[in-house]
Number of protein chains: 4
Amino acid sequence: MSLPAAVADLREQVCALHTELVRYGLVAWTAGNISGRVPGEDLFVIKPSGISYDDLTPASIVVCDLDGTLVDGELAPSSDTAAHAYVYRSRPDIGGVVHTHSPYATAWAARDEPIPCVLTAMADEFGGDIPVGPFALIGDDSIGQGIVATLAESRSPAVLMRNHGVFTVGKDAKAAVKAAVMCEDVARTVHIARSGGPLVPIDPGHIDSLYHRYQTVYGQR
Amino acid sequence: MSLPAAVADLREQVCALHTELVRYGLVAWTAGNISGRVPGEDLFVIKPSGISYDDLTPASIVVCDLDGTLVDGELAPSSDTAAHAYVYRSRPDIGGVVHTHSPYATAWAARDEPIPCVLTAMADEFGGDIPVGPFALIGDDSIGQGIVATLAESRSPAVLMRNHGVFTVGKDAKAAVKAAVMCEDVARTVHIARSGGPLVPIDPGHIDSLYHRYQTVYGQR
Amino acid sequence: MSLPAAVADLREQVCALHTELVRYGLVAWTAGNISGRVPGEDLFVIKPSGISYDDLTPASIVVCDLDGTLVDGELAPSSDTAAHAYVYRSRPDIGGVVHTHSPYATAWAARDEPIPCVLTAMADEFGGDIPVGPFALIGDDSIGQGIVATLAESRSPAVLMRNHGVFTVGKDAKAAVKAAVMCEDVARTVHIARSGGPLVPIDPGHIDSLYHRYQTVYGQR
Amino acid sequence: MSLPAAVADLREQVCALHTELVRYGLVAWTAGNISGRVPGEDLFVIKPSGISYDDLTPASIVVCDLDGTLVDGELAPSSDTAAHAYVYRSRPDIGGVVHTHSPYATAWAARDEPIPCVLTAMADEFGGDIPVGPFALIGDDSIGQGIVATLAESRSPAVLMRNHGVFTVGKDAKAAVKAAVMCEDVARTVHIARSGGPLVPIDPGHIDSLYHRYQTVYGQR
């Protein structure tokens with residue numbers, strides 16, 4: 001099979017984005033992975049399974065089809081490939097998926113408790129609480145189904161999978177990485193805040209205002 | 001418009017100071033920003049909106065007037081520019097402003113709770129408790145008004161904005177960065193301290209002594 | 001005595017693995033140590049006592065026999081050598097041992113409390129709770145006996161020694177280092193989780209499924 | 001005055017040791033300082049006041065006599081110089097002093113609560129609880145007196161000064177830095193441990209055994 005020209009660039013981008021997971025302390029050892037959809041194709045690129053972040057190279061990033069079958073690459077794909085594939089099959093608007101066990105976010109998941117939206121930065125990025133999806137075993141579509149069903153009921157690009165960790169999505173891999181970084185950041189701040197006393201809620205109307213403004217005004221146009 | 005000669009140096013300083021926000025873990029992704037007043041002019045320089053700390057260069061730092069209007073630069077100014085501008089308009093003695101969502105300080109803000117002055121280092125730098133300002137939406141002068149009103153009732157160069165984060169001020173951008181670093185440091189230590197049991201207060205007269213000594217004796221003259 | 005050819009490579013590997021203890025914040029100053037069995041020999045290599053991680057070189061790593069007696073090297077072996085030696089004597093299947101006082105794991109040890117298996121990543125790597133071994137004084141086989149007896153009743157490659165710290169084992173030194181890294185990671189996440197409210201357990205059958213899958217499917221084959 | 005030949009080496013050592021305070025996160029901005037006694041002389045070297053750790057050079061380290069008066073150097077000495085001088089005057093056996101506001105240790109100090117000895121690593125280095133000294137204002141011998149009086153009743157080379165921070169001592173500056181690093185390490189682990197439930201004490205006889213063994217056997221002879 002000859003690969004679309006966009007694959008080479010995407011492998012480089014997705015490889016480089018993994019350094020952000022390390023930089024922000026979202027991953028330990030080889031856990032965690034990033035994928036990115038090949039624009040206009042039924043393909044995505046993803047981290048190989050069990051490879052150290054130090055050893056990742058663009059060439060080591062593998063290419064899979066939307067069933068999660070390896071299409072190009074020397075290494076076995078991430079053990080979470082089926083979950084990524086399910087998300088891409090179900091949500092054509094999604095171009096990037098990230099999975100981590102980042103500690104503070106995973107702590108909320110171990111209690112099956114959503115992260116309440118008490119920070120303007122949460123309203124900006126997540127538009128409300130960060131929800132928890134169901135417990136699901138690895139190995140089939142269960143995790144993917146849990147992610148997609150939970151995302152469908154929320155504006156949040158992050159979902160905490162119960163007793164497991166975090167999945168985030170975005171229009172591309174970089175946006176999903178941003179959501180993973182911000183998810184851990186707010187998971188930590190809200191945990192610390194609540195451990196010191198009662199949280200002050202933000203008015204739902206203010207959450208809506210903040211979300212809409214951030215999604216349309218923040219950054220460079 | 002021809003720019004004052006001081007702008008080039010200030011762009012370099014303010015650009016470089018952003019690395020301190022990263023070094024001390026005060027910011028995640030592109031959140032947080034520093035500005036510095038152009039001495040003797042109705043102008044200040046500030047971080048552009050949504051730009052990664054890795055990508056900041058002196059040339060990318062933008063120049064605004066005291067209404068927050070872009071005067072020089074290729075990029076859109078920080079989305080917090082209106083708040084910085086309000087502070088500079090209201091307080092001619094202030095030459096630098098910093099904004100972060102640093103986690104421990106923001107945790108106090110999420111509870112609408114001032115940080116009690118139980119450390120000599122807090123007495124030194126903040127002269128008492130670090131106060132909390134009101135909840136305010138981004139987009140007009142509300143945040144700036146909240147900062148200025150709260151600072152007016154305190155010796156603290158830091159104010160926690162409710163459900164939001166930290167704003168600090170100083171005679172120049174470096175002093176405001178120092179206040180942001182020390183604010184997170186004491187927010188963390190006092191949080192940890194109180195989570196283990198009751199805090200021991202410092203006598204208000206001792207807080208005054210420490211503050212006056214530090215403001216006049218510490219450092220090089 | 002002429003050393004087996006494998007010793008030179010092993011010294012290099014074990015020296016390099018110590019940088020992972022530093023990178024993941026598992027050690028302070030000179031505390032902590034890694035050893036690796038020389039394949040097919042009654043020998044292992046181990047960190048010298050009280051040497052800074054910056055100063056470790058392959059040549060500084062010492063060689064001991066399975067009684068813990070120095071066989072090759074200029075420096076005195078780790079003060080924990082007797083514990084490592086006991087493990088190698090008792091468990092021919094073990095090729096690597098790591099000891100740290102990593103903070104979150106040691107905190108559980110200071111309460112004599114196992115870490116409950118409430119994360120899929122714990123089920124994967126540890127197959128259940130991480131157990132606590134007895135209090136034991138340094139200086140004879142007591143620590144080694146405590147480690148071996150505790151490991152015998154668990155699938156976990158990590159044991160928390162009461163009031164002391166963590167020992168982990170693996171088929172080689174790298175596997176034991178991975179267990180040490182993951183042990184601290186889950187010790188921290190579960191601590192944070194429980195400090196926010198009740199933990200949600202994982203069904204024991206699901207723990208078994210996760211463990212068996214991870215031990216056979218994860219990574220490259 | 002002509003300086004003893006040992007001063008040049010000592011300036012270099014003490015300058016370099018400050019990087020350990022940064023590496024272990026014991027200091028923020030310019031807080032914290034290290035001094036070292038000039039062997040056989042009534043002199044010590046110490047960090048200048050308010051200088052950034054990035055800007056410290058051996059030449060910037062100042063020399064003081066045992067009254068704390070500047071003897072050599074371009075910069076004003078640390079604002080904590082009087083406390084260091086008092087310790088050197090009172091305790092000829094002490095060759096190094098370190099002061100930090102490291103967060104977990106300072107948190108215990110903000111509660112006026114000693115750190116209980118529940119870790120073998122604490123028994124090794126501190127020989128028991130880490131004690132708290134009195135509240136004292138900066139500016140005269142009060143802090144020094146508090147340090148010396150508190151150390152006199154303990155085997156610990158670290159004392160927590162109430163509402164302030166940590167002072168550690170040692171036979172030389174490096175030993176005092178080690179004590180400062182280990183003090184924060186155990187302050188953190190014991191804080192985390194106790195925040196999860198009751199601590200298990202170590203038998204006082206075992207603390208004695210561990211302390212005596214560590215002080216005589218650990219490291220290279």
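**Notebook: where chain C meets chain D**

I started with the contact (heavy atoms within 4.5 Å), which takes 31 residues from chain C and 32 residues from chain D. I'm working from a predicted model, where local features need pLDDT of at least 70, side-chain atom pairs count only at pLDDT 80 or more, and totals for chains, interfaces and linings use all residues. Residues are numbered from 1 along each chain as its sequence is written, chains are lettered from A in the order in which they are written, and side-chain values use heavy atoms, with hydrogens and water left out.

Next I looked up the buried area (accessible area, 1.4 Å probe, that two parts lose on being put together, summed over both). Chains C and D bury about 2,700 Å² between them, and 62% of that is on carbon and sulfur atoms. On the chain C side, C:W29, C:R111 and C:N163 lose the most area to chain D, together 27% of what that side buries.

Then I checked for salt bridges (a side-chain nitrogen of Lys or Arg within 4 Å of a carboxyl oxygen of Asp or Glu). The rule finds 1 across this interface. D:R23 pairs with C:D54 in a salt bridge, their closest N and O atoms 2.5 Å apart.
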